[in-house]
Amino acid sequence: MSKPLEQCAVVITGGTSGVGLAAANAFGAADVTRLVLIGRNAERGAAAVDQVLEAYPKVAVHFVAADANDPAAAVAAVDEARGLLDGLDVLVNSTTADYCPALLRDVPIEDIAAALTQQALAPMHMSRAALPVMSAQNFGVILNIASDAAKVPTPGETVIGAAMAAIVMFSRTLAMEAKRNGVRVNAITPSLVTDTETSRRVMSDGFSKKLFERVAELAHLGLTAPEDLSALIVFLAGPGAARITGQAISVNGGISAG
């Protein structure tokens, strides 16, 4: 089952910056008129709403404050978004944890649990909260943004790679469960994405900077920008991708294959 994008109600977790905000603008350009941005920072949320409205005045865009790592907050955010939009058709989960790659021997053992859960839980919570709504209407699209670290073993990304692999397998398995109810689920797995808080953090200093400088040299087609990912997000949300589910798609300028 497919639905024209301009008729869809779209919710973006992590929609106040980076890839999430780029996706919000791309949906505006695709004539989506109902949009909710979910994030933890109200000031950043207000700025993101203003930015989308300035570019696309016809879009009814709202900000909902929530930490999706908290299951109750995720359920409340989905309920509020659904009320604001009078529906929920497309959910994009673009959340990141504050991390810098480091060899496992240098990672404090007490930091491992938080690194795993802060990266992996938000898309799982939001997908779980949205699933009953989408299943009941026999239509929905869930897109989870993970990372190539889910596919490519990279020194320094043992923990974050495990968290990203969890998101990808969660997405693929949910796709198999939800297809009978008309719900499609896919994951997008970029590598280094320019002009994001994550890229600025990992390129700031030390082992992480050296690692990603070498990674960047492999992007012979150019480093991925948020707009590259937002174009794929809009495509996967639309009727052109009506037969695509359970996939993990990389956009990485040639850094890796597979």
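A pocket, in the sense used here, is an open set of grid points with protein on both sides within 12 Å along at least five of seven lines. Keep that in mind as we walk through this predicted model, starting with its second largest pocket, which holds about 230 Å³ of space. The pocket has 15 lining residues, and those closest to its centre are Y99, C100, V107, A115 and V159. Helix α5, residues 158–178, gives the largest share of the lining, with 3 residues. Sorted by class, the lining is made up of 9 nonpolar, 2 polar and 4 charged residues.

C100 is partly exposed, because its relative accessible area of 39% falls between the 20% and 50% cut-offs. C8, on the other hand, is buried, with a relative accessible area of 0%. What about bonds between cysteines? A disulfide is a covalent link joining the sulfur atoms of two cysteines. The count for this model is 0 disulfides.

Now turn to helix α1, which runs over residues 18–29. Its 12 residues reach 17 Å from the first C-alpha to the last, close to the 16 Å expected at 1.5 Å a residue. How many of the residues of α1 are buried? The number is 10 of 12, so the helix is largely enclosed by the rest of the structure. The buried ones are V19, G20, L21, A22, A23, A24, N25, A26, F27 and G28. And what covers them? The cover includes strands β1 (9–13), β2 (34–39) and β4 (90–93), along with helices α2 (42–55) and α8 (226–237).

S230 sits in α8, and S230 counts as buried because its relative accessibility is 4%, under the 20% cut-off. Leaving aside neighbours within four places in sequence, S230 is in contact with A22, A23 and A26.

Next, look at E6, in the segment before β1. E6 is partly exposed, at 45% relative accessibility. In sequence E6 and F27 are 21 residues apart, yet their C-alphas are 8.7 Å apart in space. Not counting residues up to four places away in sequence, E6 touches D31, V32 and T33.

D31 follows α1 and has a positive phi, near 70°. You will find N138 in the loop between α4 (112–137) and β5 (140–145), where N138 is partly exposed with a relative accessible area of 36%. Then there is D195, another non-glycine residue with a positive phi, of about 60°. D195 lies in the loop between β6 (183–188) and α6 (197–202). Is D195 buried or exposed? At 58% relative accessibility, D195 counts as exposed.

The model has 1 cavity of 30 Å³ or more, and the largest cavity holds about 30 Å³. Its lining has 10 residues, with S2, F139, R184, A237 and G238 nearest the centre. By class, this lining divides into 6 nonpolar, 2 polar and 2 charged residues.

Terms used. Residues numbered from 1 in each chain as written. Predicted model: local features only at pLDDT ≥ 70, side-chain atom pairs only at ≥ 80, totals over all residues. Heavy atoms only, no water. Helix = DSSP H or I, 4+ residues; strand = E, 2+ residues; numbered from the N terminus. Expected span 1.5 Å × (residues − 1). Buried < 20%, exposed > 50% of the residue type's maximum accessible area, 1.4 Å probe, protein only. Contact = heavy atoms within 4.5 Å. Disulfide = S-S within 2.5 Å. 1 Å grid on protein atoms, 1.4 Å probe; cavity = no way out; pocket = protein on both sides within 12 Å on 5 of 7 lines; lining within 4 Å. Points joined across faces, edges and corners; volume = space filled by probe spheres on them. Nonpolar A, V, L, I, M, F, W, Y, C, P; charged D, E, K, R; others polar.
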